[in-house]
Amino acid sequence: MPSDLFKDVLNSLTCTTLFCLEPIGVGTYYVESLASYLCRLAHSHSIYVGTLMTDIAPLLGNSLVASLKRGSSRLYERPGLFIGHNDFTLKLVNALEYLTGRKDLIYLTLLSWRHLIDIKGILKEVRSWCPICFAEWQRKKEPLYEPLIWALKFISVCPVHQCRLLSFCAVCKRTQPLLTRTTRPGYCAICKSPLWKETNADEVRAKIDDYDNWVLKNIMALLAQTPLLKHILLQKIVMDNLTAYIRSFPDASSFASASGIPHCTATRWVRGESFSSFYHLLQICYVTETPLMKLFNKGSLNHRDRLKPPPIRTQPIRTRNEFDGTRVRKHLEDHLSADVNSQITMNRVSQTLGISKKTLYLHFPELCRRIAEQAAKRRREVSQARLEQECLFVEKVCRQLHLADVYPSFESVEAACPRKAILRAKEVKTAWHRTMKQLGLWTNQTQEEV
Ligand SMILES: [Zn+2]
Ligand SMILES: [Zn+2]
């Protein structure tokens, strides 16, 4: 049952109750992601995602309401919040299900896997897409959407066309977060150009090795079966299967050398000290030639004398983009000259380009240093300006309370200010002291007593 707060907020939203938009592909490997669903839902109401999120923010927790109302973009830089497995994702799913009347939005996220396997770090930091899928849906006049599978780090090729997924817009040459306030499926969030491209899939078919192909097929099966999983019980079955399997070897070292799983990881599994990571789970299944879905059945991992050689690469596949020095230099120079008031940090620049900060500093140390200094200087200026405004505001509040015959104590001034703990800042507290003295309510003696 929804809480009272939830009901109150809902009552205030009665005129904005949302369409019962059906998510695409639930129960298939091409199930839509919640980020894509949010975009389509917003579009069906002729509003941007940012507006939709601001409208439903009261259902998502207090700290986010303020952040969303301020127009902060930071929330949108974390894909895990929208399609991952944390508490915010759960609140978002609950809110959307309540407002749309749907009961299946949880399958558009990784929430169903969170009690099953350790899925930390399996989401890409940037949006990626198949231009041929978009082109096909566009041609058939089907809705454009973005499947959850495109957002997983393990997946570098389209499951349908076997071409590499793209993460750079062909027009503006930039990467983008999974979701922004104005994202629409099928369109670049930065330059708004279409992301589809009519191409013969046979001509762009990517070569993928045996392990990548195996991972792709097993993740497709897992996504399709997710609505059927009863996860609370399955976690124990998976761990029991792994433990029994490791114990079938003479010792943990021989298991580690046969499977490629680190010795310490195997020991922790046997002791029940850690949960199996998705990377290692896939690897165990690969070397034992056991389909991932079978691991959720009791006693499915049988000892074999010969295992398949472990894959050389066990970490998720990085999006393969050549380092284009000319393009990167131009981006950094444009960034510096475009907006002297920019507060954008090097972390954000690195995310936008899809290139690590370390690599950027290695190739262009001077430009990176200037961008970082510019952002730090601007942040200091903004912070100083805000402090000055808050000093003036506190002075005004003191005088108004005094005029209304209310003693402008620390608590009453803070209660009258919109920002919590405003008087904790030394400068603002000094402004309050100064005003109290000017009003004759505060003497040096009082100050000493306090
Ligand atoms: Zn495709
Ligand atoms: Zn673009």
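1. Helices (H or I, at least four residues) and strands (E, at least two) are DSSP runs numbered from the N terminus. Glu289 lies in the loop between helix H12 (278-287) and helix H13 (325-338).

2. This is a predicted model, in which local features need pLDDT of at least 70 and side-chain atom pairs count only at pLDDT 80 or more, while totals for chains, interfaces and linings use all residues. Residues are numbered from 1 along each chain as its sequence is written, and chains are lettered from A and ligands numbered from 1 in the order in which they are written.

3. Glu289 has a phi near 55°, a positive value in a residue other than glycine. Glu289 counts as exposed because it has 10 C-beta neighbours inside 10 Å.

4. Lys192 is found between helix H7 (131-139) and helix H8 (210-225). The phi of Lys192 is near 65°, again positive in a residue other than glycine. Lys192 is exposed, with 12 other C-beta atoms within 10 Å.

5. Two packed helices are described by the angle between their axes and the distance between the axes. Axes are lines fitted to C-alpha atoms, for helices over the stretch in contact, and angles run from 0 to 180 degrees between N-to-C directions. For H8 and H12, the angle is about 110° and the axes are 11 Å apart. That makes H8 roughly perpendicular to H12; angles of 65 to 115 degrees count as roughly perpendicular, under 35 as roughly parallel, over 145 as roughly antiparallel and the rest as oblique.

6. In the contact of these helices, Tyr211, Trp214, Val215 and Asn218 in H8 meet Leu282, Cys285 and Tyr286 in H12. Two residues are in contact if their C-beta atoms, placed from the backbone, lie within 7 Å. The contact of H8 with H12 has six nonpolar residues, one polar and no charged. Ala, Val, Leu, Ile, Met, Phe, Trp, Tyr, Cys and Pro count as nonpolar, Asp, Glu, Lys and Arg as charged, and the others, Gly among them, as polar.

7. Helix H16 (residues 365-403) packs with helix H18 (residues 426-438) at about 30°, with axes 9 Å apart. That makes H16 roughly parallel to H18. Residues of the contact include Leu387 and Cys391 of H16 and Val428 and Trp432 of H18. By class, this contact has eight nonpolar, one polar and four charged residues.

Terms used: A residue is buried if 20 or more other C-beta atoms lie within 10 Å of its own, exposed if 12 or fewer, and partly exposed in between; C-beta atoms are placed from the backbone.
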